[in-house]
Amino acid sequence: MMKHIKIFIFAILITIGMAAHGQSIGFGVAFPQDDSNIDESNSKLLLNRLHGILNSSDITDDGSDFVIVPKISTLSEDIIEGGMKNIYQLDIELTLEVLQLSTQKTFGTTSIDLNGYGMRYKKAAIKDALGKIKKSDKQLNAFFQETKKKIIDYYEKNSASILSSASTAASNGDYEQAIAILTSFPTGIKGSEDAQKKLMEVYNKYQTHNCKQIILQAKSAISVKNYNAALSLLSSIDSDSSCSSEATSLISSINKEVRASEAQARADAQRREQMAHDDQVRREQMAYNLTKTRINAAKEVAKAYYQRTYPKYYILY
């Protein structure tokens, strides 16, 4: 684990389907770097166990402003002497706190007692204890369900002010902060449709603001014949941005440099795309896919925002 970073954050999206509403909330799992009871191996094991519990409630992967912060306290510790292979016997208390990064607001806390045995090292006993967490743990499942409800209630009661704060950030040119605020807004609840519309609006402005830099990076990649990197950069430029036509032109020029078969395949794809634009049903499908792509891209922007804004966190998604 990195010495100068205090917290590991493994982000996982909690998507809990409730009736036909499809409500979802983004959570992360944050491990304090200075907790001597947790190493990288144990943190990954705990992440796996928690993910299993959340997945039993229809959970998919992603990240946001909310994190689960685990803390391990040693209740009792015994060492059974065995020469070079001492056996550690531990009773520990695992505390889980659900925290919102941007406000440092706690939405719920719970704890469970565990015990474990390990050869030679204390952390081996901790790993054994964490491995006993059941994916069907009713206490933890109920805790996350209750915490989710608190967060949804919080967003529904404060949706107007949350959207206003996103608008203010965007007006000040801080598009990444606005995107981070909006991507954390739960889906399928009151105000979520307005949040998604605002997210698309802000993301388009962000794209226009940053597309010129992307064009420069793509041209640099083209100069060293790194066409795959250039195409990846250019494809990230939104079709509604001010750089769209230049990106299209650069893609065409790349096609002339690559193998004829690849160029032909891209040309065929472009023709199929044009045909799709002429067909209403396909246009609707493309619009849906484009919105989905933009939302996913916006989430990547939010992740980068959290990494830069909270330097004491090491964020993994």
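A disulfide is a pair of cysteine sulfur atoms within 2.5 Å. That cut-off opens the first of these views of a predicted model.

**Figure 1. Cys 211 and Cys 243 form a disulfide.** Their sulfur atoms are 2.1 Å apart, so the pair meets the limit of 2.5 Å. The structure holds one disulfide. The torsion about its S-S bond is about 60°, so the disulfide is right-handed. Cys 211 sits in helix H5, residues 192-223. Cys 243 sits in the loop between helix H6 (227-235) and helix H7 (244-257). The pair therefore ties together parts that are 32 residues apart in sequence. Both ends are covered: Cys 211 is buried at a relative accessible area of 0%, and Cys 243 is buried at 3%.

Figure 2. The chain has 317 residues, and 43% of them are buried. Take the contacts between residues at least 6 apart in sequence: 64% of these join residues at least 24 apart. The accessible surface comes to about 16,900 Å². Carbon and sulfur atoms account for 50% of that surface.

**Figure 3. Strand S4 pairs with S3 and with S5.** S4 spans residues 87-100. Strand S3, residues 66-80, runs antiparallel to S4 over 14 bridges. Ile 79 stands opposite Tyr 88 in S4. Strand S5, residues 105-119, also pairs with S4 in the antiparallel sense, over 14 bridges. Here Leu 90 has Gly 116 of S5 as its bridge partner. Four residues lie between the strands in the hairpin of S4 and S5. In that hairpin, Gln 104 takes a positive phi near 60°. S4 is mostly covered, with 10 of its 14 residues buried.

**Figure 4. The largest nonpolar core holds 64 residues.** In soluble globular proteins, nonpolar side chains tend to be buried together. Which members of this core touch the most other members? They are Leu 94, Leu 130, Ile 133, Phe 144 and Ile 179. Helix H3, residues 138-171, gives the largest share of this core, 11 residues. A second, separate core has 15 residues. Among them are Leu 231, Leu 234, Ala 247 and Ile 254.

**Figure 5. Asn 42 is a buried residue of helix H1.** H1 spans residues 40-55. The relative accessible area of Asn 42 is 2%, so the residue is buried. A polar atom of the Asn 42 side chain lies 3.2 Å from the backbone oxygen of Lys 123. Beyond neighbours within four places in sequence, Asn 42 is in contact with Asn 37, Lys 123, Ile 126, Lys 127 and Leu 130.

**Figure 6. Helix H4 is mostly covered.** Seven of its nine residues are buried. They are Tyr 175, Glu 176, Ala 178, Ile 179, Ala 180, Leu 182 and Thr 183. Thr 183 lies in this helix, residues 175-183, and has a relative accessible area of 17%. Buried means under 20%, so Thr 183 counts as buried. Its side chain reaches the backbone oxygen of Ala 180 at 3.2 Å. Leaving aside neighbours within four places in sequence, Thr 183 is in contact with Leu 199, Ala 298, Lys 299 and Ala 302. Thr 183 and Ala 302 are 119 residues apart along the chain, yet their C-alpha atoms are separated by 7.2 Å.

**Figure 7. Ser 184 lies in the loop between H4 and H5.** Is Ser 184 buried or exposed? Ser 184 is buried, with a relative accessible area of 3%. What do polar atoms of its side chain lie 3.2 Å from? One answer is the backbone nitrogen of Asp 65. Another is the backbone oxygen of Ala 180. Not counting residues up to four places away in sequence, Ser 184 touches Ser 64, Asp 65, Phe 66, Tyr 155 and Tyr 306.

How values were computed. Residues are numbered from 1 along each chain as its sequence is written. This is a predicted model: local features need pLDDT of at least 70, side-chain atom pairs count only at pLDDT 80 or more; totals for chains, interfaces and linings use all residues. Side-chain values use heavy atoms; hydrogens and water are left out. Helices (H or I, at least four residues) and strands (E, at least two) are DSSP runs, numbered from the N terminus. Buried means under 20% relative accessible area, exposed over 50%, partly exposed in between (1.4 Å probe, protein chains only). A polar contact is a pair of N or O atoms within 3.5 Å; within protein, one must be able to donate a hydrogen and the other to accept it, and residues adjacent in sequence count only if both atoms are side-chain atoms. Contact means heavy atoms within 4.5 Å. Two strands pair if DSSP finds at least two bridges between them. A nonpolar core is a set of buried Ala, Val, Leu, Ile, Met, Phe, Trp, Tyr and Cys residues joined through side-chain atoms within 4.5 Å. Accessible areas come from the Shrake-Rupley method with a 1.4 Å probe; for residues, only the protein chains shown count as cover.
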